[in-house]
Amino acid sequence: MATVKHIKVKNNWYSDAVRYLKYRHDEYTNKPILDENGELILRDFFLMDGVLCSPESFGMECMQTNASFGKNASPAEIKAHHYIVSFDPRDREENGLSCERAQAFGLELTQRAFPGHQAIVCTHPDGHNGAGNIHVHIVINSVRKEAAIDLLFPEKQSLLPAGYKHNASDAFMAFFKQQVMDLCQREGLYQVDLLNPAKVCITDKEYWAQRRGQHDLDEAAAAQANPNESKFETFLGTLRRQISSTLDDSKSLEEFREKLLENYGITLLESRGRFSYLLPDRERPIRARRLGTDFDRGFLLSYFRSLEYKARTAESAASKPAHSAIKADPSIRLIADLQTLVKACENPNYARKVKISNLKEMSKTLAFLQENQLGTEEDLRAILTDTRADLHEKHAALKATEKSLDGTNLLIRNVGQYLANKNTYSAYLKAWNKQDFREAHSGSLALYEAARKQIRELTGEKSIPSLKDLKARKTALLQQKNEQYADYSFARSKLRELQTVASNVETMLGVKLSPEHSPADRIK
């Protein structure tokens, strides 16, 4: 999966970026590694190209561009932007990703995202953690050297001429990530969705804290001549583990909140629709989105709703007749009638295939009957009747909910229209010349009166319902509809499977199981 990292550079010496890309550096301190003579050590392998500049004179050319436009003179200004695109280690073996191919990827990405900017593109064959992930560095001068003509990113027209600075805004970062995703898809490389928040969000700062902590543990164990089997964990990693273990042991949000406080002293807080976690040794809570989407309000509520639905479904199945526990096989198909199959009558080979297929379906049908303990025709007939009645009951409940939802939606539209024109109607009541006022605002007054009339007809009351309450009712009805539709779909598929089994039994035994509702009468 390709990942993207962006670094703002305020260093005046552009050549430091080239030196970092060409020579070895300590992965923890980012300081250059020197040999016994105090000289820089060249990296084992790298590919480097310049865009609108030479890699060897990148620093000098950027400074000349800045001077010509009078930019980047202040120490606080951003002199360069450093983008890093790291590919999945599996791309090397499984998708044939080479350094040359990655370098071409980086050059095309630079042309798409940074037209008119001086840039160096450098590819390294391995990450600092030894994971084997090829990655591409793109370092651009923040000042555009040449005017941009073919610009994919819709920047302001005033920023297209030469001399204007690059702005790594949220909109641009979304565009840049989309370009990376598009190129990865075109090249057949592993890719994740870079535009949506991660389920487990580990920042660069936390990553390095974990790496340094693990390094210190390993060094301490080596000094004591003991093998180090312990794993360093940041406080955010510990928090994620505690939340996950508590979540697995909870069946509701309230139980989750209580166990989190009881077991770890962590208080679950909610503000403006978002969760945060207050640790016992901290004064400020940690926002859930800092941990990842799997720890925020939306995921937790969805998780507990699914648990509640599963529990309710299991309870309902236990209280229902035997047909609710039927284990049907959706792969069972109807047995073909060779006497009415024209192609089988004309082609002996095709008829042989149909006979073999019929034997398989008969075997599946018999296995189904044995597994569900259906030993007589009366048992199968009774289950068909019960399942059909259960389906009609679920369908009626679903239709009733849909009707209530339609009425609520109609109320929401009319209440919104009523409130939007309420001030105009109030002004009409206070106007001295109501006839002139009505002529001037006839449209708004007509909408107001029509909405008021419709609301009274729908509710049977003169009072206007609260829009907030209506939206809450709509949310509850939508959830109820989804649950009822899932129950209805399950019952419908169950009846279809039972009808197939019943039809096969009729063909095998030559009996009619249900004269009033023939199994051949399939559900549409």
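Where is the place of Arg-287?

Modeller: Arg-287 lies in strand S8, residues 286–287; strands here are DSSP runs of E with at least two residues, and helices are runs of H or I with at least four, both numbered from the N terminus. A word on the model itself: it is predicted, so local features need pLDDT of at least 70 and side-chain atom pairs count only at pLDDT 80 or more, while totals for chains, interfaces and linings use all residues. Residues are numbered from 1 along each chain as its sequence is written, and side-chain values use heavy atoms, with hydrogens and water left out.

Now to the surroundings of Arg-287. S8 belongs to an open sheet of 3 strands in the order S6-S7-S8, with antiparallel pairing (two strands pair if DSSP finds at least two bridges between them). Strand S6 (267–271) and S8 are at the edges with a single partner strand each, so one side of each has no neighbour in the sheet. S7 and S8 run antiparallel and are joined by 2 bridges, and Tyr-277 has Ile-286 of S8 as its bridge partner.

The hairpin of S6 and S7 has 2 residues between the strands, and Arg-272 takes a positive phi near 55° in it. As background, side chains in a regular strand alternate between the two faces of the sheet.

Together with Lys-205, Arg-282, Arg-284, Arg-289 and Arg-290, Arg-287 forms a patch of positive charge on the surface. Such patches take residues with over 30% relative accessible area and no salt bridge, like charges being joined within 9 Å and nonpolar side chains (Val, Leu, Ile, Met, Phe, Trp, Tyr) within 5 Å. Accessible areas come from the Shrake-Rupley method with a 1.4 Å probe, where only the protein chains shown count as cover for residues. Lys and Arg count as positive, Asp and Glu as negative, and His and the chain ends are not counted; each charge is placed at NZ of Lys, CZ of Arg, CG of Asp or CD of Glu. A salt bridge is a side-chain nitrogen of Lys or Arg within 4 Å of a carboxyl oxygen of Asp or Glu, and the count comes to 18 salt bridges.
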